[in-house]
Amino acid sequence: MASSTAGQVIRCRAAVAWEAGKPLVIEEVEVAPPQAMEVRVKILYTSLCHTDVYFWEAKGQTPLFPRIFGHEAGGVVESVGEGVTDLKQGDHVLPVFTGECKECVHCKSEESNMCNLLRINVDRGVMIGDEQSRFSINGKPIYHFVGTSTFSEYTVIHVGCLAKINPLAPLDKVCVLSCGISTGLGATLNVAKPKKGSSVAVFGLGAVGLAAAEGARIAGASRVIGVDLNPKRFEEAKKFGVTEFVNPKDHDKPVQEVIAAMTDGGVDRSVECTGNINAMISAFECVHDGWGVAVLVGVPHKDAEFKTHPMNVLNERTLKGTFFGNYKPRTDLPDVVEKYMNKELELEKFITHQVPFSEINKAFEYMLNGDGLRCIINMEA
């Protein structure tokens, strides 16, 4: 049975960013019906990720306003456009900022999740099919963000950027898997792949770093060394399997030397979640020669350059990078949700705040003050 609103414009609330760094304004927007290969989704819960804040501040990239931000969310399919066969009205979905078309060389590769058609594009503010926005106010377009724009009660998303998940999974918890938590978790489980009983260093103990630590805990690592400049994060991190802490500010030698001394020559695996170029170099140089693997997750400054002595590589250390934890959104995310459902993965501890949609700006305040990890925004409140 088609929904009563299928094929029609929907009027609903959305939090619009009219200009960089200014509080979002709850407005009535018009959301057009989905076109070919698109899906209109009713968002029930969304959370704030640092990437939203970064582009809202518009300090390091081309500003595009007015815009509807938001990309970490959970919702229910309201209607589907032409050609959509694997989703129907009522399906529970997680929107993802990157996609899986299932047709390109990356999607057909077992090793990659970097879809040619739908990989993240932070500059695009329109739909990929017709280069138009599906949002408007009084006929004026409002731009999309990373193909998701979940700070709206209804949004239109390409079918390739929606993971269909178990309808029994609580969307107010699993919504955090649509971005940051999966990124950190997958960096450890899919890319670093620590062995049971091994040692892992995690650089940066925000939500992504703590998800990487959680991955190390699930993998059975015996030592998880957390590295962060903020000592306030250390106590909280114990809940995520972190066993020891290093604050680089407490030492007068490079942190890689501190870690090497603690671990008899270096850790087995390291995961870098800050994007700071010096932390990236430290994360590589702190792994053990002969078998150590370092995985880069954090996004660096556009002019940053990675410098290390080639002997560090020749001595059998491996440097890897990852994007969205090497998960293919449609193929793999449903299984990550099942890890939560069977209690292998804990998500509640990542959720430190909840606010009604009308108070979405509070979520920005929490993040700007470094207060807590994830703030869930209830779209129906």
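Contact here means heavy atoms within 4.5 Å. Keep in mind that this is a predicted model.

**Stop 1: helix H7.** Select residues 255-262, which form helix H7. Its buried residues are Val 255, Gln 256, Val 258 and Ile 259. Look down the axis: these residues lie on the same side of H7, because they cover an arc of only 160°. Residues three or four places apart in an α-helix point the same way, because a turn takes 3.6 residues.

Now show what covers that buried side. The cover includes strands S10 (199-203), S11 (223-227) and S12 (244-246), along with helix H8 (277-285). Then step just past H7 to Asp 264, where phi is positive, about 55°.

Stop 2: Select residues 207-338. An unreviewed UniProt entry annotates this range as "domain: Alcohol dehydrogenase-like C-terminal". The chain over residues 207-338 is 38% helix and 15% strand. Its end C-alpha atoms sit 20 Å apart.

**Stop 3: strands S16 and S17.** Select 351-356 and 374-378. These strands, S16 and S17, pair in the parallel sense over five bridges. Ile 351 has Arg 374 in S17 as its bridge partner.

**Stop 4: the cysteines.** How many disulfides are there? The count is zero, with a cut-off of 2.5 Å between cysteine sulfur atoms. Select Cys 161 and Cys 115: their sulfurs are 7.7 Å apart, so they are too far for a bond. Cys 161 is buried, at 5% relative accessible area. Move to Cys 273, whose nearest cysteine sulfur, in Cys 179, is 12 Å away. Cys 273 also counts as buried, at 16% relative accessibility.

Notes
Residues are numbered from 1 along each chain as its sequence is written. This is a predicted model: local features need pLDDT of at least 70, side-chain atom pairs count only at pLDDT 80 or more; totals for chains, interfaces and linings use all residues. Side-chain values use heavy atoms; hydrogens and water are left out. Buried means under 20% relative accessible area, exposed over 50%, partly exposed in between (1.4 Å probe, protein chains only). Helices (H or I, at least four residues) and strands (E, at least two) are DSSP runs, numbered from the N terminus. The arc is that of the directions from the helix axis to the C-beta atoms. UniProt positions are given in the numbering used here, feature names are shortened, and annotations may be inferred rather than shown by experiment. Two strands pair if DSSP finds at least two bridges between them.
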